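Here's a quick briefing to read with the structure open beside you. Have a look around first, then work through the points below.

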Amino acid sequence: MTMMSGAQMLVRTLEDLGVEHLFGYPGGAVLDIYDALLSSSKIKHVLARHEQGAAHMADGYARSTGKVGCCLVTSGPGATNTVTAIATAYMDSIPMVVITGQVGTPLIGSDAFQEVDTVGITRPIVKHSYLCQSALDIPKFLRQAFYLASTGRPGPVVIDVPKDCVNPQRLFEYPEPQEVKMKTYNPTLSGHRGQVKRAAKLLAEAKRPVLMLGGGAVLGNAKDKVREVAELFNLPVVSTLMGLGAFSGTDPNFLGMLGMHGTYEANEVMDKADVIFAIGVRFDDRVTNDVSKFCPAATIIHVDIDPASISKTVVADVPIVGDADTVLGQFLEIVKDGSLRNDVRAIDTWWQQINKWRERNCLHYHKGELIEPQEIVEAIYKATNGKAIVATDVGQHQMFTALYYPFEEPHRLLTSGGLGTMGYGFPAACGAKVGNPDEQVVLITGDGSFQMNIQELSTCLEFGIKVKIFILDNHTLGMVRQWQRMFYQGRISSTNLNYNPDFVAVAKAYGHNGEVVEKREDLEAAIDRALNYDGLYIVDILCDTDAKVLPMQQARGSMSDMFLGEE
Amino acid sequence: MRHIVSILLENQTGALSRVVGLFSQRGYNIETITAAPTEDPSITRITITLFGDGRTIEKITKQLHKLINVIKVSILNEDNTDGAVEREILFVKLQAVNQDVREEIKFICDIFGAEIVDITPVLVTVQFVNTSQEVDRFQKAIAEHSEVIETVRSGVCGIARGDHSLHV
C-alpha cells in the first residue's frame, strides 16, 4: 500500500501514463505539485516563459510525436494564458492535457486571489474538463483525461486541481492504474459496412473522382492505406492544410492544397469532380468557399470519426462514421474481394484534363529585386531535403510553406489551421524539438508572428532546444496587407511593422546566434549555416513586402473562382 | 417546427452548463428547459423545447452526443415515434378583490380544469397543468377577466408515448 499526497499522486499518475515531458510554469496554486515534481526522475519539466508558450509546446510535442502533450500551469492568469493555446488545439483536434491549479475548494467562488472559473472559461474549447473535488479524483480524472484526449476525435482536456487536493499533509492510498472505461464515451472506429460498400461502388463508377484528405488522415495515421487507395484507383489527391503529409507531397498524383489559397489544379479538380472521397475533413469555410456553390457535380463520400462533422456544412451523400485508417482498411478489403476497379479510360481522360490545369503552373512567381518569400521556403525545402519538422505561424509565410514545402510524411507540419493563432509556431517548434531531439526542427515565421511568443528564446537556451528560425521579414503583417491592397483600395491600416527589433541582436541577447540576409545570393549559405549551427539560430531574411499569396479564391464564389498569379 | 429533446445526463458538476453552453455556442435558441434527477439520482433528465428544421435538430443531437456527460438523446416528437405526452405547469397570481372577478376566475378554472391553490383577500393563485398550447389559451382567457400580477411556467416536461422508452 503506497500512501501519497494528491500532488504525489498527480506526478505518479503522469509517470504511469508514460509522460516524459511536462511543459509548464509554476505559481502559488501549484507549489505542492512542483515540489512533488522535483522527486520525479521520469518526468522532465520544461519551464516556458509564458503559459501560452507552455501550452503551445505541449501542442507541438503532440502533433510531432503523436503522443498526448501535457502542460501544467497555475490558477488565474496561469490558466487564462493557456486559453488561446487550448482553443488552437481544440480547433485542430490535438491530444493535449492541461493541468491548471485552482484556489482551495473552500475559497472557490469567493473571488480569491488568482481565482478564475477555469472550467467555465474553457468549456467551449475543450473536449472535456474536470474540476477535482478531492485528492483521489486526481489519478482518476488524469487517466480519463489522457484517454479522452487521445481517442476518438482527439482534443484538449483540462483538469482543474484545487490547492487543498494536493496538500502534502494529507495522504491517501494510491489507486493502481487500471483500464479506463467510460460508459458515456465509446467512439465508433469501424465504418458501416453497407456504406463502405456504397463508397467503393461509387468510386469504381466515378469518371472524375478525387481523394480529399484532412487532418483526420494525419491524426488517424492512415498514410499507408491512403497511398494504397490512391494507387489502386489512380486518384488525384488533394489535401487541406491540416492534411498535408498524409499523402506524399512529391507523389505525381498529388495536386496540392485546396481551398482559399489552394492550387489551381486542386480547386479545379474539386469543382469538376463527380465523386469526392473525403477522409477526415470538416469542410470549413477556408476550404469550401461559398458552400452553396461547392462542387455542384459531386457525390460526396465523407469519412470522419466525429459524427457531428458529417453534414455540418456540406451535406454528405455517403456518410461514414469511423476512424480513417480502419475505414480505408475496410474499403480496401471490399474492393479487393470484389475486384472493384475504376474505368481506366475515364480516369485517363480525367488525368488529361488535370494535366492541362497543372500546365497553368499556378505557383510560378516573379522574382523581383528583393528576395521573394516563396524562394525562401523553396531554399529551406532544398536545404533540409524536405525532411524537416516545420512549424509555422499564421499569415502569408504559413500559406507559402503549405504551397512550396511539399511534405512527404504526416506529423511534419505544425501549423494552427483552424484557429489561425499567430505566436503558435515558435513554442510549437520548441515542443517538437523536445519530443524529437534528433530531428531537424525549423520554424518558418513572420516578423509579426514571431514577436507574439518571442520570450521562449530563453526557454530554448535553458533546455538546449536547437530550433532553426527563419523569419520571412517583410516589415508588415503580410496577409492583412494583401487584403488591404486587394479589397480595401490599398488603404494600409496598422499593418506596417517599421519598429521591429534587430532580431539578430535579440537572438544574441538571449544567448543564441543569427544573421540577417538581404541579398538573394546570400540566402542558401545562411540557411546552411543555420541548419549546421549547434544551437538555436535565427535567420532574419528581408523579403518583398508586396508579395501576394496566390492563387486566392474569390469571396462568395465557387471552388474554381480564383485570382491567379502571372503565367 | 417545434421539437422536444430529451437528454439523459450524468449528474455531475458542470454537466448542465455544458448542455446549456452548447446551445448558445452553436447559436441555437432554447424555448424551454427543465432538469431534474431521475429514479437513479446519478442521472439527470433534461427536457428542452426548441424551434428548428430537421437538419438543425440533427446537428444539435450530434453535438449533444459529443458531450462526454451526455448518456442519451432522444427527439420525442420524431416522425417514427408515437409522439409524446407533454405537460407544463403554470402558476398565476390574479387580482381578485371583487366578488364578481372571483366568480369569473372560478368559472374559467372549472372550464379548463385549473385549480385555485391559494387565496388572500386581494389575490387568487391558480395552478394549471396541460400542454403548452392549452396553457397559452388558459393564460389568455384568464387575463381577459382579471389583472395578472405574476406568472410562472415550468417549461415542458415530456415523455414518449407507446412502448418506446428512454433509460440507461
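A helix axis here is a line fitted to C-alpha atoms over the stretch in contact, and angles run from 0 to 180 degrees between N-to-C directions. Keep in mind that this is a predicted model, where local features need pLDDT of at least 70, side-chain atom pairs count only at pLDDT 80 or more, and totals for chains, interfaces and linings use all residues. Residues are numbered from 1 along each chain as its sequence is written, while chains are lettered from A and ligands numbered from 1 in the order in which they are written.

**Two packed helices**
- α3 (residues 51-65) and α17 (residues 425-435) of chain A pack at about 50°, and their axes are 6 Å apart; helices are DSSP runs of H or I, at least four residues, and strands are runs of E, at least two, numbered from the N terminus.
- That angle makes α3(A) oblique to α17(A), oblique being whatever is left after under 35 degrees (roughly parallel), over 145 (roughly antiparallel) and 65 to 115 (roughly perpendicular).

**Domains of chain A**
- Chain A splits into domain 1 (3-173), domain 2 (193-359) and domain 3 (373-549), with bounds from an automatic or database domain assignment.
- The C-alpha centres of domains 1 and 2 of chain A lie 38 Å apart.
- 5 residues of domain 1 of chain A are in contact with 5 of domain 2 of chain A (C-beta atoms, placed from the backbone, within 7 Å).

**Where the chains meet**
- 16 residues of chain B are in contact with 11 of chain A.
- On chain B's side, α2(B) gives the most, with 5 residues.

Key: Contact = placed C-beta atoms within 7 Å.
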